[in-house]
Amino acid sequence: MGRNKLLLLYTPTVSFLFILSLFDPIVSPFPYGQFDNNYYDRSCPYLPVIVRNGVRAAVWNDNRIAASLLRLHFHDCFGCDASILLDDTDDFKGEKNALPNRKSVRGYEVIDSIKADVERACPWIVSCVDILTLAAREAVLLSGGPFWPVQLGRRDGLTAASEASVSAQLPSPIEPLENITAKFTVKGLDIKDVVVLSGAHTVGFAQCFTFKHRLFNFKGSGQPDPTLDASALTNLQNTCPNQDASNNKLAPLDSPSAYRFDNSYYTNLMRNTGLLESDQALMGDPTTASFVRSYSMYPYLFSNDFAASMVKLSNIGVLTGADGQIRRVCSSVN
Ligand code: HEM
Ligand SMILES: *[C@@H]1O[C@H](CO)[C@@H](O)[C@H](O)[C@H]1NC(C)=O
C-alpha cells in the first residue's frame, strides 16, 4: 500500500532508479549495483538489531570476543568478501588455516550464528561480509569506542586467497614498519591509517609467541628489546617464560584496559609499554610518532579518525553488482 502511494507521487523528475529502489532487491529487475547505508532498509529492516543482539550475547558470554570480531573483520578486509569465513574442504583450501589466522583468529561461530538468525528473518538477502562488517562496528561500540556508518551491499566471495597470498598481504608483528606501511598502501590506506587502525590494539590479547622475541634475546643481542619499559618487561617475562610451553599464553595488548576501547594504546606507546614490536615501532619514526602523540593527548581525535579509517578499511576490494553471491551459510559457498 505504501508502495502504491509512493508511486502516485511519481513525477518525471523523480529518477527511474529511485522508483526501482522501491522494490525489494529480490523482485527488482536490477537487484544489485547499489552500495549505501540503506541497502537493506526495506528487504531486511531488523538487520541492525539482529546483529547488535548477536554481538551483545556473544560478548556477554566472552568479553574478549569483541576484540576478536574486530580482528576477524580486519583479516577479511584486505579484500572484504567474507572469504575468511569459508571452511576448508577436500577440494578447497580456505583462509582459516593460513599462517596469520590459524589458532589465532577467533569469532567465526558468532558470525555463523548471527547469519542463521538473519536467514530466519530475511532469507537469501544479506551477505555474510555485510554481517561481519556490522558486527565489527557493534563490537567497537559495545566496548566504548566510536560509531561509524556502515555502507551496505557487499557481496560474498566465491573463492579464498591462497595461503601464500594471505601471509604476503597481512602484516606481521615482526616485520619493519616500512613493510607494514607498504602492505597498507597497496590497499589504498596511508601511513595515518596504519597508526589509527593499530589503535585497535586497545582491546584484546596476543599470544606470547608473537612478542616473546622481545623479552630475552632481541635480535641476537642476548638482551631484551631496549624499547620495552623495564617493569613491563618483568611482567611479560613472568607471563611468558622463556620456554616453548608458554607460546600460547595470553597477554593483553593494552594492559591498563584490555576490554575498553579507549586511547590508552597510544599512552602505552608513549611510555614504552607497547606489546608487539610492530606497536612500539610506531614511536621509532617521526611521522608515526607524531600521530601517536596526538592520539595520546586527544581521545576524540582518535575516535573520529578511527571511525573514518574503519570506513576505508571496510570498503577495500568489495564485490558489488552481479559479482560474488549472497551465501546461505557463511562457512561455504552456495
Ligand atoms: C598494523 C599491523 C598489525 C599487526 C602487525 C597486527 C598483529 C597482531 C597480532 C600478532 C595479534 C595477536 C594475535 C595472536 O596472538 O593470536 C593481534 C591481535 C589483534 N589485532 Fe592486530 N595487527 C595489526 C593491525 C590490526 C588492525 C588494523 C586491527 C583492526 C582494525 C587489529 C586488531 C586486532 C585485535 C582487536 C587483536 C586482538 C584479538 C583478540 O583478542 O582476539 N590489528 N594483532
Ligand atoms: C621487508 O620488505 C623487503 C622489501 O620488500 C623484503 O626484502 C624484506 O624481506 C621484508 N622484511 C621482512 C622482515 O619481512
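The questions and answers below concern a predicted model.

Visitor: Which residues surround ligand 2, and which of their side chains has an N or O atom 2.3 Å from an oxygen atom of ligand 2?

Guide: The surroundings of ligand 2 consist of E175, P176 and N179. An oxygen atom of the ligand lies 2.3 Å from a side-chain N or O atom, and the residue that supplies this atom is N179.

Visitor: How much of the accessible area of ligand 2 does the protein cover?

Guide: On its own, ligand 2 has 360 Å² of accessible area.

Visitor: Is S257 buried or exposed?

Guide: S257 is located in the loop between β2 (250-252) and α11 (264-270). Its relative accessible area is 14%. Buried means under 20%, so S257 with its 14% is classed as buried.

Visitor: With which residue does the side chain of S257 form a polar contact of 3.1 Å?

Guide: Leaving aside neighbours within four places in sequence, S257 is in contact with T202, D262 and S264. The polar contact of 3.1 Å runs from the side chain of S257 to that of S264.

Visitor: What span should helix α6 have at 1.5 Å a residue?

Guide: Helix α6 comprises 15 residues, 128-142. The expected span is 1.5 Å times one less than the number of residues.

Visitor: How many of the residues of α6 are buried?

Guide: Just after this helix, G144 has a positive phi of about 95 degrees. The helix α6 itself is mostly covered, and the number of buried residues is 13 of 15.

Note on methods
Residues numbered from 1 in each chain as written. Chains lettered and ligands numbered in written order. Predicted model: local features only at pLDDT ≥ 70, side-chain atom pairs only at ≥ 80, totals over all residues. Heavy atoms only, no water. Near = heavy atom within 4 Å. Polar contact = N/O pair within 3.5 Å; in protein donor to acceptor, adjacent residues only side chain to side chain. Areas by Shrake-Rupley, 256 points an atom, 1.4 Å probe, with all protein chains shown as cover. Helix = DSSP H or I, 4+ residues; strand = E, 2+ residues; numbered from the N terminus. Buried < 20%, exposed > 50% of the residue type's maximum accessible area, 1.4 Å probe, protein only. Contact = heavy atoms within 4.5 Å.
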